[in-house]
Every structure is written in C-alpha cells, then in structure tokens.
Number of protein chains: 2
Amino acid sequence: MSEVYGVRRSRLRDRCAATGSAAALVSRPANVRYLAGAAPPGAVLLLGPDEDMLLCPRTPSGDPADGRLDEEVRLTALPTSASDAAVAAAEMARGTGVESLAVEEHHLTVARHRALRSVAPRLRLDDLALAVEQQRIVKDEDEIACLRIAAEITDQALGELLESILVGRTERHLALELERRLVDHGADGPAFATSVATGPNAGRAGHRPTDRRVEEGDFLSVCLGANYRGYRCEIGRTFVIGTTPADWQIELYELVFAAQRAGREALVPGAAYRDVDRAARQILDGAGQGVALAARTGHGVGLEIDEDPQLAPAAMGKLDTCVPVTVEPGVHLPGRGGVRIDDTLVVRQEADGGPELLTITTKELLAL
Amino acid sequence: MSEVYGVRRSRLRDRCAATGSAAALVSRPANVRYLAGAAPPGAVLLLGPDEDMLLCPRTPSGDPADGRLDEEVRLTALPTSASDAAVAAAEMARGTGVESLAVEEHHLTVARHRALRSVAPRLRLDDLALAVEQQRIVKDEDEIACLRIAAEITDQALGELLESILVGRTERHLALELERRLVDHGADGPAFATSVATGPNAGRAGHRPTDRRVEEGDFLSVCLGANYRGYRCEIGRTFVIGTTPADWQIELYELVFAAQRAGREALVPGAAYRDVDRAARQILDGAGQGVALAARTGHGVGLEIDEDPQLAPAAMGKLDTCVPVTVEPGVHLPGRGGVRIDDTLVVRQEADGGPELLTITTKELLAL
C-alpha cells in the first residue's frame, strides 16, 4: 500500500502548488488517514516541500483500527507542553521557510486558525478547501476491496440475526447484537450507530433504538454497516414480523423497492447525481409519498460513512466509475411505520456488468 | 427541570450583555443541551434579546437520549434548502436588528464562520469563548443525581462481568459485553468507548480492545462508564487473573492505589487543580514511575466525558464544591502491562463528608 499513499500525497501537493501554496496542513482525520495510512487521535499531517510529517500529540498506540502509517511519512511526537498538533505544524512550516500554508478551513475552528496565525504571523494561510475530500470520491481497487469485505461482514451479521427469534426483543438489544456480530466477523467496529426500528418507528431514517419490543405484525427496519480497515459500508432492510404481511405493508414495500431499484439502475458513469436521486424520488412522488421523503436518497461511502457525492435534488456533479454510493429511499408513515431499503454499490461501466452490488442480503419482503 | 434551563440561559445572557453582545449563538452540542434541554443533531441555539430559539435541520426525533427541549425555547425547523443551522441563525439574528452576535469560535469552523459573516455582513461577530463550558463546571443537584445514577449503572455492569468466566475471552468481547450490560441497566449508551486491556496492554490509557484473549497471570484493566440522560461517568479498575498475583503485580498495584487515594484525598473545595494532580503524581514520581505517567491524572465529567477542570501540572484554577471529577492515575510498563484505578467523585465540603465517591466498586486487588 505504501506507494498508494505517496501517489495520493503527490497529487495533493501538485494541486497545492498549482494554487500557490508551498505546504499543506491536513487536519480532518479521514483525510489524514487517506494520505498517510493512519490517523491517531489528534494527529495532523504536514505536507512540506521536502518531507511529509505526521504530528502526533502522543505516541500512536499501534492499534490496527487506526491504520498503519506509511513508511515515507515521518512520525513526530509533540512535546507534552504542545496542546495542539496543528499549531505545532504551523511552527514547523514557518521553520522550513515556506511562505504559505494551505489549511482545511472547513475543519479548523476559528480559535485554532487564530492560534496558527499567532505562532506564524508571516506565514500566509490559504484554504485547502475540499481538495482531499474531492480526491477521495473515486476509490482505487484496494479501497473497494476493503468496502467489499466490510459488506460481506455486514451481510453475515444481518443474516445471523434473521435466523434468531425476534418477537419480544427490544430495538436496543437487537442493535447491540448486530454490532457484536459485526465485530465477531472481523469488523474493526460498526461503521455508524446501528439502527433498529420496529412498528411505528420502522422506516425512520437514523432512528435510534429504543426499548420498544418487536411485536407480531410489525415492520422491522434495520440499518447497519461494518468498518473494515477504516472503510465503512451500509445496508438497510425492512422485514415483516409474523406469518403474513398486511396489504398496506406489501403495497408500501413494493413502492419503496421500486424506487430503490430505479435508483440503483440509474447508477451509470456520467449520470448526474441529481438524476439518480430523481429516478428514485419520482416513483415515491408519483405514489403521493414524496412529502415524507428525506432530503437525499443516497450518498458516498468510504473512510467516512457520509461522503460526497450526495444523491439529492440540488447536488451538482456526475458519477464516475469506482465511486461507491448508497441508494436508500424510504417512506415513514407517522404512527404506522414504514420501509427503508438501502444498499451500498460501486459505480461501474456497463461493459463491466454495471453497478456492483456490495450488500447482497435479499431484498424480498421476508416475513420473520 | 424547565426553570433550570431558563436560569442557565439568563446567566449566559447576562454575561453576554456585560461583554456587549446582544445575542449569542451556541453551536457546541453539549452546550446546546445544557442550555435548552435537548440537542438534536445539527441543532444550534440562538439566545436572542426577546426569545430563545432552537434551530434544527430536521424535526427532532423525540429520542430521549437527545434530551427534552425546554418549553420556553421555540423550536424552529430549517427549510430543507438551508444547509447549516448556524447560518440560518445568523440570518435570523440580523432580522431582529441586533448589532452583535457572540459565537463559539472554539467550535465553529473557519468556513462556517465565514458563511455567517457573508449572510449577515453588518452583524458584528464576537467570541463567546468558553463561557458555557465555564458555567457547566459546577453542577446542580439534578445533574449530580444523573451522574449518581450513571455511576450505579456502571458499577452494576462491572460487577456482573466480574462474576463471569474471563479466561479465554477477548478484550473486544468483554468490552462489548460491558456495553450491553450498561444498556441493560438503563444507560442511554456507553459514556465513551469501553476499554478492556489484558496482559501487556493492561494499564494503558485509552487502550482500544483487541483480539487478545485473557490469560492466567494477566493484569486485566477495564475502563467504562454509562451515559444517563446525557451525563457521563467513568470507572477504571485493574484485576489479576488467576489465583495469586505475582509480587511485582502487588507492588505496582499498591503504588497506583496509593497515588489514586492521595488524589482523592486532595479533592477539597479551594484546592488548586495542579495540587490535586501533584498529590497523585508525586507518589508515582517518588517510586520512579513518573515517566510513564499521562499528562494529567483526572478531569471533569458531565454532559461530556472530558470536561474542565483538567487535573494536570499546568492547569490553572481551584476546585469548587459540586464539581465532579475523575481521579485516574496509572502506570504502564511496556511489555509487561500495568495498573489504572479510576473513580468519579464529586467535590464536597468536609462538613458534608468530603468528596462523594460515585463509583463504589471495590478497589481491593481482586484475583479473578
């Protein structure tokens, strides 16, 4: 992997040079990890003209969940008196004689930015803006391999849950069990807080598990994902509890399923983000369920669970190949519950078989 | 509780008025919750001259883990087109005709701050600095009651673990089981990522659980805490696995225990933060174990697990009554393991019985 990180850093360095910055300070943890291989808590990456340095408030623990630092990056522990790695990096940049430093203004707080200015008043601070995030959108095959493993782990954890007795158990317990199973199967941890929603809660985006117990006749919706070597995927499924789903449940499920399929099928290289969103959204709109819909129907995944692109009505940009995204429309009917169906897919050329579905758990409406 | 929040907001408003700001924008989630009773994701609190408003990117879920919004705060949902509640709040403040707005420069990013300035260019943006954090240091009895319950839950979860078979189980599994037990006993969730460390990992601060299995003769150190209604406590204990601890284990344990007791006994109203730290630290220093010691030996807890005060050599300030803090010295010997002992206590007058120990699990060296 070592070469990979070096290539990423050169690309960023070229970009900085093109905009007139001689050095860059990367502070957002996922960006640090993307460029250096590891992001111990509080560490920042200084991309200098001569060498790249990871400044760490304390010795990295060697925890594999933090990643492994690229050999070409020099690890520099801060003196215990230094309170902020970014400030120490600015002092170091000043020492090397560079005139300008690009910083992540969308991540640094106003107070930290001011501290940087005060230790290096003659250093010009530019905005690196979302340069690293943009670089992260298209994944290489190593990254996709990590996402694929994350999805396998996720499918396994979910599959095991479906074989167990669900009636009478609480949302919280089911969520904790799913997270334990993710770790059992090799995840570094859950990719995000696992959501389990039953009955009237089912289908709510981002629902946090409560003490409500699963009952006969409920919709049960779950949303989970594994974090594997930093890469995070997402799956969402909705089931019915009991022997036979009610008519309204079948109808709602088929509607959301149709919307989700339309979204998946719209995942072709060159498609506008907003058109993918519209493909899913218009099916729900057409059935009068558009109002209940979230602001977006999908998003990128990678080192963070919520990355660019956003699949939303006002999103600008077009899909490339090798961009992993979720497609996750849902409908929630207040007081009754609802349905969410969520997959992680990678955009691929049609000649390569079209979008690659990473989360392969069935999307049939199962009655459990 | 409603009155409590109103009183807190008035205090902050008085402070802003004294520094010339007519309105304040609170964005840090724990601060929002402290002042408004609830902090749904992405919400900000606008303390205006006439009314207080919680601006929310989407309708709060009613999740009790988010807290319950004080009735006197007006809930304002953002239009779906608005991307940032803080920016919407600045527009609103501009609309009310105030000339200045105090913002949390230690929380707002440079990019968000710029967006605020651009929607309200004639509004003067002051720095609210750590005004709310400072207000949060001394807790009222309702807050301490929540911490007390959080500690009870934590003691229960830990006590149950100690009754189970430990040899052969991995750090990860033990950590997951502790978190499940916290939730079983009524926690809204863990207060922070549970740490379980065995053998050579034992005693490392902030160790993240690995797949290492518990073995005979190991030190086993655990650090966990419950989140109850937003309030977070912390306990750390170290045990020996097997029938009889080795001499070096007993010696190291007694040393850390003595340091921790000295720290606890130094918790009197009016004591300088640094003196509490020194009380614990000098015992370890005296035994030649000071080098391995962390930058601090304790910290405040409350709506965040790591709050002011810091019990550290360079910390400025003195303890008040009703300040909950941890006392958590530890020693880690590379390759061999180590000991941490960590309690949450509330500073009380000596006439009231001295420091109130919230985490009551025994600190005897148990052989499990």
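Mentor: Domain bounds come from an automatic or database domain assignment. Keep in mind that this is a predicted model.

Trainee: Which domains does the assignment give for chain A?

Mentor: Domain 1 of chain A covers 2–136, and domain 2 covers 138–357. Taken over C-alpha atoms, the centres of domain 1 and domain 2 of chain A are separated by 34 Å.

Trainee: How many residues does each domain of chain A give to the contact?

Mentor: Domain 1 of chain A gives eight residues, and domain 2 of chain A gives ten. On the domain 1 side, helix 2 (29–36) and helix 5 (131–137) of chain A are the elements that give two or more residues. Helix 2 of chain A gives the most there, with three residues. By class, this side of domain 1 of chain A has four nonpolar, one polar and three charged residues.

Trainee: Now the sheet. What is the order of its strands in chain A?

Mentor: The order is 4-3-2-1-5-6 in an open sheet of six strands, and the pairing is mixed.

Trainee: Why is one side of strand 4 and of strand 6 of chain A left without a neighbour in the sheet?

Mentor: Strand 4 (74–77) and strand 6 (124–127) of chain A stand at the edges and have a single partner strand each, so one side of each has no neighbour in the sheet. Neighbouring strands of the sheet are turned against each other by 25 degrees on average, direction ignored.

Trainee: How many bridges join strand 1 to strand 5 of chain A?

Mentor: Three bridges join strand 1 (residues 23–26) to strand 5 (residues 100–103) of chain A, and these strands run parallel.

Trainee: Is A:Arg58 buried, exposed or partly exposed, and why?

Mentor: A residue is buried with 20 or more other C-beta atoms within 10 Å of its own, and exposed with 12 or fewer. A:Arg58 has 16 C-beta neighbours inside 10 Å, so A:Arg58 counts as partly exposed. A:Arg58 lies in the loop between strand 3 and strand 4 of chain A.

Conventions: Residues are numbered from 1 along each chain as its sequence is written. Chains are lettered from A and ligands numbered from 1 in the order in which they are written. This is a predicted model: local features need pLDDT of at least 70, side-chain atom pairs count only at pLDDT 80 or more; totals for chains, interfaces and linings use all residues. Two strands pair if DSSP finds at least two bridges between them. Helices (H or I, at least four residues) and strands (E, at least two) are DSSP runs, numbered from the N terminus. Axes are lines fitted to C-alpha atoms, for helices over the stretch in contact, and angles run from 0 to 180 degrees between N-to-C directions. Two residues are in contact if their C-beta atoms, placed from the backbone, lie within 7 Å. Ala, Val, Leu, Ile, Met, Phe, Trp, Tyr, Cys and Pro count as nonpolar, Asp, Glu, Lys and Arg as charged, and the others, Gly among them, as polar.
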